[in-house]
Amino acid sequence: MKIQSYDDQLLHLAVDLATRLLPAFDTPTGIPFGSVNLVHGVDENESKITSTAGGGTLTLEFGVLSRLTNNPIYEHVTKNAVRGIWARRSKINLVGAHINVFTGEWTQKDAGIGTSIDSFYEYLLKAYLLFGDEEYLFMFQEAYKAAMHYLHHDPWYVEVNMNSAATVWPLFNSLQAFWPGLQVLAGDIDPAVRTHAAFLSVWKKYGFTPEGFNLATLNVQSGQKGYPLRPELMESTYWLFKATRDPRYLDAGRDFVTSLQYGSRCPCGYCHIADVESHKQDDHMESFFLAETIYTSQFTNFSVACNLSKLQMKVKYLWLLFDLAVGPDNIVENGPYKYIFSTEGHLLPATPEISLVSEHCSYFGAFCKGDGMHKCHPMDTSFDRQETNDTQFHGDWDPSIRHTKVQNSFSSSGFIKGHCPGLTHGQKFGKLYVENDENTYEHKSMDYPQKRSVVFISNPTARQIMDADQDNTSNIQEMNQNSERVAYLTDSKEAETFSEEMQQVDDTS
């Protein structure tokens, strides 16, 4: 339902913010810097080291923005960042915790499911669930199999060296608690139940989960005794109850509420717990407590034995948990769309405009994006679309920000109703993700044998594409456009046609 007085004001603000973040992606690897000045761009002294989670956890938000604005650049840069990380995985399909965004070298090679890596796994699966892009599913399946094989010591998870799989830290850290919920979304319920029970036992022992719990000594890890009001365990509890309807998860929810109310409540809100053993409070509250753990509307439709009426701000995941116990009569469970939770607990609806952009369109009336067929144009963006499907930045951008011209990686045929390209061979069976030794793509003529999969891979930097634009040349863009094409050549005629197309590019350049 559209509000009459609303005219996409928030969407305009989102576009402005995302545009100011684009300079962070101007790196040789495509993996973004950890921070960017919203007025001046990336500082010259900005660290080139970023976390895997930081570089790979923008996919949902930027992808939704691209689909709402019909501008592919936001989705392109974030997908390129994920590919940049995945291309540098180890031979056993594990990723480290920190990486140099210029050299692509791992500066911390500890692989795990918690700190600095957690939401990278999360967004691989959720990007597939929201957008239907099977490339993300392929990456998630490979990464998940590796995690379960090398990191899983049932029911716990440890940190290992990404190359040798040697155990580095036999530690449970509180950010791992999201994993059972992710396993529910992936359909792997049994290990999720066991791991959740193990994590919950730590909460029951201390009243909260410490930042680190040593699995060798079964004690709180020195220097990691605090609990900064993290919601991950509550999130997994909600998803497990939704999947199993087991009342034990309602009991767990009651324990969470009790601990928050009587252990962390303070005069101006809810305080960090500095030490889970002594329950000493710290005069601090993270913003994610408001975004994820806390929900500002009134409780409705349920009552529980504990004294929930004292909570002036309400617990989001626990609200969903207890409300589901009463019945599915809420917008999340019984609304017009399915919803995907962002890593910050925000709801992203799987509307046709967002989720069916790249549908196969094999059925009548399917929703696809294309000229004349795309009905939802929430705003008139300031970007001109070229015939080659490049993203051309218009002159009314803020000149104080160094913007980048990034080529659209989508199919040049576009998306039209009744004639959509569907999934490529590479997306179905996994692209050949490899790290380029050089920053530029050099075209080489090739002979294509019959019935072979031909995969062109390039890793052009945003700076290169920007420089090509400034020089009024299009050679780099044309080569990159061709290099992104993944063709399944089923006969010699197709191979000959494709070779002729590539030769034409050489002749014109």
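The model is a predicted one, in which local features require pLDDT of at least 70 and side-chain atom pairs count only at pLDDT 80 or more, whereas totals for chains, interfaces and linings use all residues. Residues are numbered from 1 along each chain as its sequence is written, and side-chain values use heavy atoms, with hydrogens and water left out.

The side chain of Asp 154 meets that of Arg 194 in a salt bridge, with an N to O distance of 3.0 Å; such a bridge is defined as a side-chain nitrogen of Lys or Arg within 4 Å of a carboxyl oxygen of Asp or Glu. This pair links distant parts of the chain, 40 residues apart: Arg 194 belongs to helix 8 (residues 189-206), and Asp 154 to the loop between strand 5 and strand 6. Helices (H or I, at least four residues) and strands (E, at least two) are DSSP runs, numbered from the N terminus. Arg 194 is likewise partly exposed, with a relative accessible area of 39%. The peptide bond from Asp 154 to Pro 155 is cis, with omega near 5°. Pro 155 is placed in the loop between strand 5 (152-153) and strand 6 (156-157). Most residues other than glycine have a negative phi, and most peptide bonds are trans.

Positive phi values occur at several residues. In Asp 8, a residue other than glycine, phi is near 60°. Asp 8 is located in the segment before helix 1 and counts as buried, at 8% relative accessibility. Leu 229 also has a positive phi, near 65°; this residue lies in the loop between strand 11 and helix 9 (232-244) and is buried, with a relative accessible area of 0%. A positive phi, near 55°, is found again in Arg 245, which follows helix 9.

Helix 9 comprises 13 residues and reaches 18 Å from its first C-alpha to its last, close to the 18 Å expected at 1.5 Å a residue; the expected span is 1.5 Å times one less than the number of residues. Ten of the 13 residues of helix 9 are buried, so the helix is largely enclosed by the rest of the structure. Among the buried residues are Leu 233, Met 234, Tyr 238, Trp 239, Leu 240 and Phe 241. Lys 242, by contrast, counts as partly exposed at 30% relative accessibility. Lys 242 forms a salt bridge with Glu 333, the closest N and O atoms being 3.2 Å apart. Here too the pair links distant parts of the chain, with Lys 242 in helix 9 and Glu 333 in helix 13 (residues 331-334), 91 residues apart. Glu 333 is buried, with a relative accessible area of 17%.

In total, the structure holds 13 salt bridges. One of them joins the side chains of Arg 248 and Asp 246 (3.0 Å, N to O). Arg 248 is partly exposed, at 42% relative accessible area, as is Asp 246, at 22% relative accessibility. Lys 79, Arg 83, Asp 133 and Glu 135 are linked in a network of salt bridges.

Two open sheets were examined. Strands pair if DSSP finds at least two bridges between them. An open sheet of three strands has the order 9-10-11, with antiparallel pairing. Three bridges join strand 9 to strand 10 (residues 212-214), and Leu 171 stands opposite Asn 214 in strand 10. Another open sheet of three strands, also antiparallel, has the order 4-7-8. Its edges are formed by strand 4 (110-111) and strand 8 (167-169), each with a single partner strand, so one side of each lacks a neighbour in the sheet. Two bridges join strand 4 to strand 7 (residues 159-161), where Asp 110 stands opposite Asn 161.

Across the chain there are 18 helices and 23 strands. Buried residues make up 52% of the 509 residues.

Note on methods: Buried < 20%, exposed > 50% of the residue type's maximum accessible area, 1.4 Å probe, protein only.
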